[in-house]
Amino acid sequence: MKNIRNFCIIAHIDHGKSTLADRLLEETSTVTGKEMQAQVLDNMDLERERGITIKSHAIQMNYIYEGEKYVLNLIDTPGHVDFSYEVSRSIAACEGALLIVDTTQGIQAQTISNLYMAIEHDLEIIPIMNKMDMDSAMPEEVEDQIVELLGCKSDEIIKASGKTGLGIQEILQAIVKRIHPPKGDPEAPLQCLVFDSVFNSFRGIITYMKIENGTIRKGDLVKFFNTGKEYFADEIGVLRLGMEPREELRCGDVGYIISGIKVSKEVKVGDTITHVKRPCEKGIEGFEEVKPMVFAGIYPIDSEDFEDLRASMEKLQLNDASLTFEAESSAALGFGFRCGFLGMLHMEIVQERLDREFDMDVITTIPNVQYKIYTRKNEVLDVHNPSGMPDITLIDRIEEPYIRASIITRTDFIGSIMSLCLGKRGELIKQDYISSNRIELIYDMPMGEIVFDFYDKLKSISKGYASFDYHISGFRPSKLVKLDILLNGESVDALSSLTHFDNAVTIGRRMCEKLRELIPRQQFDIAIQAAIGSKIIARETIKAVRKDVTAKCYGGDISRKRKLLEKQKKGKKRMKQIGSVEVPQKAFMEVLKLD
Amino acid sequence: MAGIYIHIPFCKQRCGYCDFYSHTNLQLKQRYVDTLCKEIELRKHYLAPNETIETLYFGGGTPSLLNTSDFEQIYNALSTHFSLHNLVEITVEVNPDDVNDLLLDTLKSISCNRLSMGIQSFFDHELTVLGRRHTAQQAIEAVNLAQQHGFSNISIDLMYALPNQTIQTWRETLKLAISMNVQHISAYHLTYEPGTLFYKQKTNKIITEKDEEESIQLYEILIQSLTEAGYNQYEISNFSLPCYESKHNSSYWKNTPYIGLGASAHSYNIASRQWNIASVITYCKQIEENKSFFEIEFLTEKEKYNDFIITSLRTSKGVDLQKLTTLFGEKSRSYFIQQCQPYVHTNMLCEKDNFVRLTQKGIFVSDSILETLIDV
Ligand SMILES: Nc1nc2c(ncn2[C@@H]2O[C@H](COP(=O)(O)OP(=O)(O)OP(=O)(O)O)[C@@H](O)[C@H]2O)c(=O)[nH]1
Ligand code: SF4
Ligand SMILES: [Mg+2]
């Protein structure tokens, strides 16, 4: 065990975790030339295409240092805030962390939040300044930031480049020298921490775990602590570029277990695996049920595709346990699903996978957070769909989720970022200078205000020089109202939203304006209204098309005209007919993108 | 009943709004006429033997650029390979500045009994913007001369919603047109087709498109003036005195077969539609070398249905429900009726005596309506 090192790579998004991992794998000959490709661990199609890491990936390397053989277990983590729970479990499975900072960018919001998680778990931190090869690197400045943040010495920071391979040997040596080997008792009752799982269409669910205590052998009867379910360990092994089966794994090892589990729901990240015969006394601390944060309706454009959509969602859920859904129906959109996501990136990914992997044409409705509604009869309802809101007269009070947000930015942008946050009902808690021209702002904000376009706006007003991280901080009473949108007098449930009373009129008006842009003119006037209860607060009209004569039919060229009309008609098939009005697919989502 | 269309793709100069295929290099003309005559022979069996050919139409481009011997050569080829005994309407499109005694005599000699003149406007400044080569005066004289030569079925083309046209000049143009006692008037709304000079000028904001309100106003003036003067609007863009509907053009709307000869000409024989290569040079080369010179599409049931709707609805009679059922079955009929409903309610379509037709209000949005009624 003294020759095992378990470490993860943590950083802000895009600071180069996966690329640096590539170099480590190369240097230790874990991946040979032929198998090598950029960000080799990002093996999902979507990860490769978008250049981001969505899931944690583990891989084992061998390394010889001063004549001794070491086993290094590397876990590459996703940088995006939506996946921070998974990151926290990967961190919990390690004794050390490579904290990577992009030297062209400096410390960012997720650098700090991931660092805090690592410190919480007593990890040995090895700070690394990455992308040193780039002209825009600012080594002195970033070095100061890291020293300030970690309270470490300058010479503890390793200068590296995932591109040129600078510093890679130094990193490997630091891993051996600085990170302590795993503790734990191989004779104690079995205790394995589940830090991720993947779905394989041949093997079912493959669970990634780290053995904290005890020893597991192939064929053992094991139990998942939190779900209480029992399985046989059909196959156990370590993760190289592929899976390598083993007869036995001992405490300190990182590996996988295949146990005939078919759906990902049965494997909860953070759960503890133990023996049925000689169970451990308690599970490993820090387990949480991942709860969705953002909810939206997903509907098939063509109502006949409902069952196909259900089948696709079920398949998606097989390897994405954090996706939740239940059937719901909408007067405007027919049958569909209310889905819960970890955040907006997660929601985008699900949508994209539905489209790419399952060829489903869907409408996604306005995302919502989950509110607590206290009724006069003192019941508490969790409402995450405007249509689920009880009648005003029955409501005692409403509470909405709040987040504690950290925004790190250059000082030039403070003014505009503060006014953005103010507009989102943010409350400034404190501000800290990270260096002379960089500042961290801490805000308490209603989560409902940031689910939608906050991040995009933050990026655009700061020209990309602001980073953002958050965690849920609790619920607070709020004055919320349901804002309805009416098309030609008919309320369209899929366009309803819950907003703060103070903003309702402004948002209502801007939604009407936005819909006027989004809905193409039709053969009759379309009245767009925003209403709270029975009170109309805004109105726009889309004037009817009164003239659309296009090309004439000359010399008997009927084909051309027909083809033109057929093409237009096919385009419209992607629209949703609501009452008499044709609404484009994207309108349901875009309507809240107000500038 | 069937028709023959002859395409003459030559123009002296290119008009700014025009996206038809035509060539300004007149040197190719003789080679083209020879090739055309070869095609006439090659395709003599295109129409079913029992079809009687009732109409012949020379369109362009500018057929009036042909000289006497060209016309004779083409007409002779036609009469050799097709039966022309039952022709009732022979139309030739002419440009006003080509009209003279010689041309008119030539046309008479090939039994032409209908002229279609591209006049467009009676205001020189509008004609200049359009890039037409004639003047208003030439147009008036051309009509007069044709009438003196005994042509008693004359159609003129007009255009509205021109960039520099006003309500006033449009009224005047219509008034003059009516005063000339022509039997038929085609009036087209200017459209900006990709690839044309006008389209480019519009994109570059050199000319502005008329807004919707004004277009509609101009259109209403058109309907009102011509109706008051006794013209029937028998098709979206076509008006005529009683019994002077263009028989040839009507065949396009009535699902009757026609053969189109010459570069870019379209043919239809119920089962398929085909169109010749648009380029004069390639057309000639392919035929000279006995190679294929057209594209063809065999119509699916849906496409046939769509064509039927698109063409019938353009006419004042509208879609014959009985015929629709006979041709496409009960299911298509009920689909059609169902798709019509919103427009019937909003008075854009009207259903009467088993015919569904566009109302005045509907004509202006006929594209959207057609789009709804077709099936894809
Ligand atoms: N020039 C240079 N580019 C680098 C270096 N390291 C990474 N990159 C580039 O930076 C981008 C992000 O790299 P990744 O390795 O995907 O970053 P990541 O931190 O894994 O990203 P997420 O997993 O999405 O958080 C890619 O375009 C890399 O090619 C480096 O040292 N030098
Ligand atoms: S409008 Fe007529 S004359 Fe002008 S270029 Fe077109 S085909 Fe030729
Ligand atoms: Mg990555």
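What percentage of the 376 residues in chain B do buried residues make up? Buried residues account for 42% of chain B, where a residue is called buried if 20 or more other C-beta atoms lie within 10 Å of its own, exposed if 12 or fewer do, and partly exposed in between, with C-beta atoms placed from the backbone. In chain A, which has 595 residues, the buried share is 46%.

The structure is a predicted model, in which local features need pLDDT of at least 70 and side-chain atom pairs count only at pLDDT 80 or more, while totals for chains, interfaces and linings use all residues. Residues are numbered from 1 along each chain as its sequence is written, and chains are lettered from A and ligands numbered from 1 in the order in which they are written.

Chain A contains 14 helices and 33 strands, and chain B contains 14 helices and 15 strands. Helices (H or I, at least four residues) and strands (E, at least two) are DSSP runs numbered from the N terminus. Two residues are in contact if their C-beta atoms, placed from the backbone, lie within 7 Å. Of the contacts between residues at least 6 apart in sequence, 69% in chain A join residues at least 24 apart; the corresponding value in chain B is 71%.

After α5(A) comes Gly151(A), with a positive phi near 65 degrees.

Ligand 1 is surrounded by 21 residues, and the closest are Gly16(A), Ile52(A), Thr53(A), Gly79(A) and Gly162(A). A residue is near a molecule if its C-beta atom, placed from the backbone, lies within 6 Å of it. Helix α1 (residues 17–27) of chain A gives the largest share of this shell, three residues. The shell has five nonpolar, eleven polar and five charged residues. Here Ala, Val, Leu, Ile, Met, Phe, Trp, Tyr, Cys and Pro count as nonpolar, Asp, Glu, Lys and Arg as charged, and the others, Gly among them, as polar.

The two chains also meet. Their contact takes 25 residues from chain A and 37 residues from chain B. Among the elements that each supply at least two residues of the chain B side are α8 (212–228), α11 (301–314) and α14 (366–373). That side has 16 nonpolar, 13 polar and eight charged residues.

Helices α11(B) and α14(B) also pack against one another: Ile309(B), Ile310(B) and Leu313(B) in α11(B) meet Ser366(B), Leu370(B) and Leu373(B) in α14(B). Five of the residues in this contact are nonpolar, one is polar and none is charged.

Most residues other than glycine have a negative phi, and most peptide bonds are trans. The peptide bond from Gly60(B) to Gly61(B), however, is cis, with omega near 20 degrees, and Gly61(B) lies in the loop between β2 (53–60) and α2 (68–81) of chain B. Asn181(B), although not a glycine, has a positive phi of about 55 degrees. Asn181(B) is exposed, because 11 other C-beta atoms lie within 10 Å. Asn255(B) likewise has a positive phi, of about 65 degrees, and is found in the loop between α9 (247–253) and β9 of chain B. Asn255(B) counts as partly exposed, because it has 16 C-beta neighbours inside 10 Å.
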